[in-house]
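Morning, everyone. I have one model to walk through today. Have a look at the screen first.

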Amino acid sequence: MVEKTSDEILGKAYDSKLMKRLLTYVKPYKKYVVLAIFLNVFVAGLAPLRPYLTKIAIDESIANKDYESLTFITALLFASLLFQAVMQYGLTYFTQLMGQKIIYDLRVQIFSHVQKLALKFFDKTPVGRIVTRVTNDVESLNELFSSGIVMVFSDLFIIFWIFVFMFSLSFDLSLITLSVLPALFYATFLFRKKVREAYRDVRFHLARLNSYMQERVGGINIVQLFNKQKRELNKFKEINKDYRDANIKSVFYYAIFYPTVEILSSLAVALIIWYGGGKVFESTMTLGILFAFVQYTEMFFRPIRDLSEKYNIMQTAMASSERIFKLLDENTVIPDPEKPVIPGNIKGKIEFKNVTFAYNEGEDVLKNVSFTIEPGQTVAIVGATGAGKTSIISLLSRFYEPQKGEILIDGININNMRKEDLRKMICVVLQDVLLFSGSIKSNINLNNSEIPDTKIAEAAEMVGAQKFISGLPAKYDEEVHEKGAKLSMGQKQLISFARALAYDPKILILDEATASVDTETEILIQNAIKKLLSGRTSIVIAHRLSTIQNSDKIIVMHKGEIKEMGTHQELLAKRGIYFKLYQLQYKDQEITKTA
Ligand code: DCP
Ligand code: MG
């Protein structure tokens with residue numbers, strides 16, 4: 001039931017506050033608006049002119065057998081059609097151009113805003129929802145800008161001119177045409193209401209379909225592993241059916257509404273011919289006027305029908321803009337200080353002073369954590385899963401802010417540095433390696449052109465990734481994808497090590513993956529880690545205690561608290577938690593050895 005709340009918003013068709021804000025996006029393209037309105041006046045004015053010309057042709061040229069003026073008027077009719085076509089082309093082109101330019105700007109703004117948001121925001125927002133903002137929602141705004149606003153003017157304009165011409169030709173007949181209006185308005189009202197509801201359902205079921213698809217494809221291996229294809233398919237069929245039915249329903253209303261408008265328009269034409277015909281018999285009206293009126297009546301219904309479609313565009317766009325603005329107004333950011341301390345030559349001393357932290361208020365995951373890491377030292381953090389190890393690094397990288405206590409690097413509180421400067425000093429190799437779509441090379445240098453190819457190769461060589469990379473068909477230019485298919489877990493890890501080395505940070509943090517790799521890769525990784533750690537301050541979160549026996553200090557975490565701290569030997573002598581952990585792993589190894 002993802003997105004139910006936000007996509008169910010029916011919204012108003014017009015909200016002046018939203019509209020005002022939307023118009024700020026139009027501002028840079030004022031010249032297109034002016035041009036569109038200018039073209040509009042022509043397009044809208046030309047169509048109602050033609051029945052009038054027809055009237056003149058019938059009543060004056062034909063009635064007087066005046067070939068010359070008949071030819072002239074025919075040519076005029078043709079020219080006006082041609083002219084209108086050209087104008088129409090320009091109008092469509094410029095409004096679309098404007099719409100596309102506006103939504104381009106909007107997408108850039110959304111992306112750049114989302115990038116600034118703190119992790120806290122992403123903890124509670126599904127990715128699919130953000131993607132929908134940049135795609136579907138922005139798209140419906142395009143419709144508003146390109147066909148909505150300008151075309152509404154065009155429709156209103158046409159209606160206005162038709163009125164002017166009709167009333168100037170015959171008051172009686174105008175009233176007859178208008179007599180059908182109440183029925184038309186009522187039909188339009190019903191249609192708008194029904195279609196609006198139907199569209200809401202369509203959107204809701206589409207969101208469901210998307211998120212279901214995304215999740216199942218993402219977890220395809222689990223689905224296949226547990227033989228869930230049939231069950232998943234049935235579930236999908238169900239969701240798909242709901243979506244189809246919602247669509248059919250919305251089409252149904254169109255299928256009823258359009259013929260209804262046609263019938264009403266035919267009724268009006270019939271009334272005109274019947275009443276007007278009688279007047280022509282009595283010679284109180286010319287045939288040309290009757291003819292023109294039939295055309296005006298037919299012409300009159302189209303913009304009215306279109307307007308109700310525009311109404312739907314407006315209403316969808318308003319709901320979309322509301323969601324987009326809500327995302328743009330999201331201000332879960334960790335602010336940079338106003339007067340930042342610019343760290344000079346960093347030595348790499350790290351201090352945690354009485355740090356207490358909770359992701360959710362009241363559920364402390366770190367309690368009064370204090371420790372010091374001297375420059376160049378390697379410190380290991382161990383502890384059961386969920387003990388708060390990763391949280392410590394998240395605080396150090398300032399992905400989150402602690403509720404109490406302070407974190408210092410070389411004596412500077414990290415709150416007083418710009419996040420950019422802080423993160424330049426730190427490199428974190430994360431628990432689960434994420435590769436981006438691109439080449440091996442771009443995954444090592446993260447498209448930073450300041451890192452030369454030689455340095456990339458050097459880093460890969462040092463961590464021992466050189467061997468498998470040179471075995472790939474395109475070597476460093478081999479394409480990899482988001483999930484890193486083509487590469488094994490261990491290989492992905494080596495790539496992320498090479499990334500860290502290439503960036504050569506003062507402080508290195510390693511959140512060791514729990515996944516096991518084969519012995520050969522394990523040795524490669526262990527060697528790579530040794531090279532990574534040398535010459536910099538490092539924090540290693542290790543699950544394999546063998547990794548950390550040589551560290552300068554081991555911090556033992558338990559349920560968010562530091563329970564023990566010391567070297568491997570000191571902690572063993574203490575016979576506490578670490579001792580037990582060590583014994584457990586040691587025993588395991590003994591068993592595998594004898595087996
Ligand atoms: N937690 C949370 N929201 C997050 C991340 C974690 O509420 N975005 C909670 C889950 C755990 C606690 O915080 O109860 C500590 O999580 P850590 O990720 O710090 O735990 P570890 O890194 O120690 O665990 P593991 O060894 O499994 O990586
Ligand atoms: Mg962790």
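Buried here means under 20% relative accessible area, exposed means over 50%, and partly exposed is in between, with a 1.4 Å probe and protein chains only. Arg 398 sits in the loop between helix H13 (389–396) and strand S4 (404–409). Its phi is positive, about 60°, although Arg 398 is not a glycine.

Some ground rules. This is a predicted model, where local features need pLDDT of at least 70 and side-chain atom pairs count only at pLDDT 80 or more, while totals for chains, interfaces and linings use all residues. Residues are numbered from 1 along each chain as its sequence is written, chains are lettered from A and ligands numbered from 1 in the order written, and side-chain values use heavy atoms, leaving out hydrogens and water.

Now the overall form. The C-alpha trace spans about 120 × 50 × 50 Å along its principal axes. The radius of gyration is 36 Å, whereas a compact globule of 595 residues would come near 25 Å. That radius is taken over C-alpha atoms, and the globule rule is 2.2 Å times the number of residues to the power 0.38. Buried residues make up 46% of the 595. The chain has 21 helices and 12 strands. These are DSSP runs, numbered from the N terminus: helices are H or I with at least four residues, strands E with at least two.

Domains next. There are domain 1 (16–169), domain 2 (347–425 + 508–516 + 533–590) and domain 3 (431–504). The bounds come from an automatic or database domain assignment. The C-alpha centres of domain 1 and domain 2 lie 61 Å apart.

On to the cores. A nonpolar core is a set of buried Ala, Val, Leu, Ile, Met, Phe, Trp, Tyr and Cys residues joined through side-chain atoms within 4.5 Å. The largest has 43 residues, and Phe 497, Leu 510, Ile 548 and Tyr 578 are among those touching the most other members. Helix H18 (residues 489–503) gives the most to this core, with 7 residues. Domain 2 and domain 3 each supply at least three residues to this core. Apart from it lies another core, of 34 residues, among them Val 180 and Ile 272.

Two strand residues are worth a stop. Asn 354 lies in strand S1 (residues 350–358). Its phi is near 45°, again positive in a residue other than glycine. Lys 367 lies in strand S2 (residues 364–373). Lys 367 is in contact, meaning heavy atoms within 4.5 Å, with residues including Val 355, Thr 356 and Glu 561, leaving aside neighbours within four places in sequence.

Last, charges. How many salt bridges does a search of the whole structure find? It finds 22. The criterion is a side-chain nitrogen of Lys or Arg within 4 Å of a carboxyl oxygen of Asp or Glu. Glu 215, Arg 216, Arg 231 and Glu 232 form a network of them. Arg 216 pairs with Glu 215 at 3.3 Å. Glu 232 and Arg 216 meet at 3.0 Å, N to O. Glu 232 is in helix H11 (residues 229–281) and Arg 216 in helix H9 (residues 181–218), so this pair ties together parts 16 residues apart in sequence. Glu 232 is buried, at 11% relative accessible area. Glu 215 is exposed, at 52%.
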